[in-house]
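Try each task before you read its solution.

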Amino acid sequence: MQRDWETFLMPYEQAVKELKIKFRGMRSQFLQESRHSPIEIVTGRVKPVDSIIEKQSRRYISDTLLEQDMQDIAGLRIQCQFAEDIYEVVDLIHQRTDMKVVEERDYVTNVKPSGYRSYHVVIEYPVQMVEGEKKLLAEIQIRTMAMNFWATIEHSLNYKYQGEFPDALKERLKRAAKASALLDNEMSEIREEIQEAQRLFSYGKGQNMPRRLDDLDHPGQGDSKQGMNDDAHRDPSKQ
């Protein structure tokens with residue numbers, strides 16, 4: 001029998017909307033307290049039907065096991081400024097009582113042979129539907145903006161070459177991945193300088209400058225709200 005995809009995906013749509021609001025709210029709380037937010041950009045999407053069908057066929061996933069075996073129908077992506085922020089976000093997820101971590105894959109420490117770096121967390125998330133509570137799986141990818149740039153390019157190329165990259169292109173991508181990692185390392189080395197400059201910039205845009213620079217680290221001194229990106233979001237799963 002043909003699946004009613006609109007009905008099937010409705011709770012996933014709701015889950016993505018709720019999760020985006022929650023993580024963006026966490027970011028706002030950090031900024032409201034004049035603290036560095038480990039969350040910089042939050043985007044999300046529900047996997048398109050044709051992608052679900054293709055992956056289901058490729059992974060030999062039966063219709064009855066689709067909800068439990070395909071963990072990324074609902075996908076969220078969190079971008080961070082610094083590599084250290086990734087693990088802070090992971091800790092924040094573990095502390096939440098409204099979601100349960102069921103699986104983690106650390107491709108930041110354990111980089112894939114292709115050069116891909118990211119931290120994947122699969123959560124079980126309860127959605128309140130008219131018929132009652134429905135628990136579903138969602139995948140959260142956490143990465144720096146440098147990691148995301150590389151992964152987005154690699155993902156686009158994958159559509160062209162269907163995973164069969166020419167050897168020369170493979171080597172270029174690996175070199176680009178190393179350059180991305182070097183950028184993250186350099187940014188981590190000067191993290192304090194960057195954060196201080198960002199705080200000064202925020203205060204320079206009309207905020208009251210505290211008496212001492214040290215006071216910038218204390219909560220309640222201002223807000224450096226920044227606009228969030230729209231939800232232009234590629235499929236966050238690694239196919």
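**Exercise 1. Which residues in α6 are buried?**

Before you start, note that this is a predicted model, where local features need pLDDT of at least 70, side-chain atom pairs count only at pLDDT 80 or more, and totals for chains, interfaces and linings use all residues. Residues are numbered from 1 along each chain as its sequence is written, and side-chain values use heavy atoms, with hydrogens and water left out.

*Solution.* 
- Step 1: locate the helix. Helix α6 covers residues 167-189, 23 residues in total. Helices (H or I, at least four residues) and strands (E, at least two) are DSSP runs, numbered from the N terminus.
- Step 2: check its span. From first to last C-alpha α6 reaches 33 Å, close to the 33 Å expected at 1.5 Å a residue; the expected span is 1.5 Å times one less than the number of residues.
- Step 3: apply the burial cut-offs. Buried means under 20% relative accessible area, exposed over 50%, and partly exposed in between (1.4 Å probe, protein chains only).
- Step 4: read off the list. Leu 169, Leu 173, Ala 177, Ser 180, Ala 181, Asp 184 and Ser 188 are the buried residues of α6.
- Step 5: recall the helix geometry. An α-helix has 3.6 residues a turn, so residues three or four places apart point the same way.

**Exercise 2. Find which residues line the second largest cavity.**

*Solution.* 
- Step 1: run the search. On a 1 Å grid over the protein atoms alone, a cavity is a set of points where a 1.4 Å probe fits but cannot get out; lining residues have an atom within 4 Å of a point. The whole structure holds 2 cavities of 30 Å³ or more.
- Step 2: take the volume, which is the space filled by probe spheres set on the points, with grid points joined across faces, edges and corners. For the second largest cavity it is about 40 Å³.
- Step 3: list the lining. Gly 115, Arg 117, Met 147, Trp 150, Ala 177 and Ser 180 form it. The elements giving two or more residues to this lining are α5 (145-161) and α6.

**Exercise 3. Work out the strand order of the open sheet.**

*Solution.* 
- Step 1: pair the strands; two strands pair if DSSP finds at least two bridges between them. β1 and β2 (residues 74-80) run antiparallel, joined by 6 bridges, with Val 46 opposite Ala 74. β4 (residues 119-129) and β5 (residues 132-144) are also antiparallel, with 11 bridges; Tyr 119 has Ile 142 in β5 as its bridge partner.
- Step 2: write the order. The 5 strands run β1-β2-β5-β4-β3, with mixed pairing. The edge strands, each pairing on one side only, are β1 (41-46) and β3 (100-106).
- Step 3: In β1, 6 of its 6 residues are buried. Ile 41, Thr 43 and Arg 45 point one way, while Val 42, Gly 44 and Val 46 point the other way. In a regular strand the side chains alternate between the two faces of the sheet.

**Exercise 4. Is Ser 34 buried or exposed, and is Tyr 60 buried or exposed?**

*Solution.* 
- Step 1: Ser 34 counts as buried because its relative accessibility is 13%.
- Step 2: Tyr 60 is not a glycine, yet has a positive phi of about 55°.
- Step 3: Tyr 60 has a relative accessible area of 76%, so Tyr 60 is exposed.

Key:
1 Å grid on protein atoms, 1.4 Å probe; cavity = no way out; pocket = protein on both sides within 12 Å on 5 of 7 lines; lining within 4 Å.
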